[in-house]
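Please view the sequence and the model before going on.

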Amino acid sequence: MLYLFSGQVHCFKTLFVAWRYQNKNVKYYLLYRKSRDSDNAFYFHAKCDKIKGTLVIIETEDNLRIGGYTSETWEGNNISKKDNTAFIFSLNNNKGHNVKNNLDAIYCNPFFGPCFCGNSTPTLLISNNCDENGGECCKAIDSNYDGYIYDYEINNERKNFKIKEYEVFEFKFE
């Protein structure tokens with residue numbers, strides 16, 4: 001199976017292992033693809049909710065590739081989850097930001113796709129019916145992710161974005 005981001009996922013996997021999980025074998029599996037499975041949040045949750053260790057990669061209509069990783073599951077109804085291994089990134093801008101220690105990393109809501117950060121201010125959010133509603137990023141001062149993040153930095157300084165494609169991969173460490 002050819003993944004939309006296969007080159008980036010393989011490169012990302014190599015960097016991810018070197019950065020976080022040295023000396024571990026990593027395998028990844030495509031769980032969800034918007035163009036194959038629907039842009040409705042229900043289908044994202046049906047395929048991804050009970051899976052730990054997921055990588056989300058988004059391609060915007062402006063050809064930006066942004067996303068995030070969490071070791072937590074996406075299941076839950078309006079709850080935030082802490083995950084000190086979570087991070088968000090921009091492949092185009094070569095930027096990555098870890099979640100701040102002991103702060104909420106993801107928000108689980110059956111009416112949203114992936115949402116990185118707490119329910120008060122999502123740092124990176126994919127809306128339900130994202131072909132129509134798109135996604136959004138937050139300003140740095142509102143983020144639960146570290147580093148000096150400029151306003152909407154991972155999305156080229158824009159709050160909202162339209163989604164061309166997004167995929168969710170399960171990462172398994174052996």
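Q: Is Cys-48 buried or exposed?
A: This is a predicted model, in which local features need pLDDT of at least 70, side-chain atom pairs count only at pLDDT 80 or more, and totals for chains, interfaces and linings use all residues. Residues are numbered from 1 along each chain as its sequence is written, and side-chain values use heavy atoms, with hydrogens and water left out. Buried means under 20% relative accessible area, exposed over 50%, and partly exposed in between (1.4 Å probe, protein chains only). Because its relative accessibility is 0%, Cys-48 counts as buried.

Q: How many disulfides does the structure hold?
A: A disulfide is a pair of cysteine sulfur atoms within 2.5 Å. The cysteine sulfur closest to that of Cys-108 belongs to Cys-115 and is 8.6 Å away, which is too far for a bond. Cys-108 is itself buried, at 0% relative accessibility. The number of disulfides in the structure is zero.

Q: Which class of aromatic pair do Tyr-69 and Phe-87 form?
A: Rings of Phe, Tyr and Trp (its six-membered ring) pair if their centres lie within 6.5 Å; planes under 30 degrees apart count as stacked, over 60 as edge-to-face and the rest as tilted. The structure holds eleven aromatic pairs. In the one between Tyr-69 and Phe-87, the centres are 5.6 Å apart and the planes 25° apart, so the pair is stacked.

Q: Which strands hold Tyr-69 and Phe-87?
A: Helices (H or I, at least four residues) and strands (E, at least two) are DSSP runs, numbered from the N terminus. Tyr-69 is buried at 2% relative accessibility, and Phe-87 is buried at 3%. The two residues are 18 residues apart, and their pair links distant parts of the chain: strand 3 (residues 65–70) for Tyr-69 and strand 5 (residues 87–90) for Phe-87.

Q: What is the angle between the planes of Tyr-107 and Phe-112?
A: Tyr-107 is buried, with a relative accessible area of 8%, whereas Phe-112 is partly exposed at 27%. Their rings form a tilted aromatic pair with 6.3 Å from centre to centre, and the angle between the planes is 50°.

Q: Which residues of the largest nonpolar core touch the most other members?
A: A nonpolar core is a set of buried Ala, Val, Leu, Ile, Met, Phe, Trp, Tyr and Cys residues joined through side-chain atoms within 4.5 Å. The largest such core has 23 residues, and those that touch the most other members are Val-56, Ile-58, Tyr-166 and Val-168.

Q: Which residue stands opposite Phe-116?
A: Two strands pair if DSSP finds at least two bridges between them. Strand 8 (residues 112–116) and strand 9 run antiparallel and are joined by three bridges. In strand 9, Leu-124 and Ile-126 point one way and Leu-125 and Ser-127 the other, and all are buried. The residue in strand 9 that stands opposite Phe-116 is Leu-124.

Q: What is the phi of Asn-78?
A: Asn-78 lies in the loop between strand 3 and strand 4 (79–82). Asn-78 is partly exposed, with a relative accessible area of 42%. Although Asn-78 is not a glycine, its phi is positive, near 60°.
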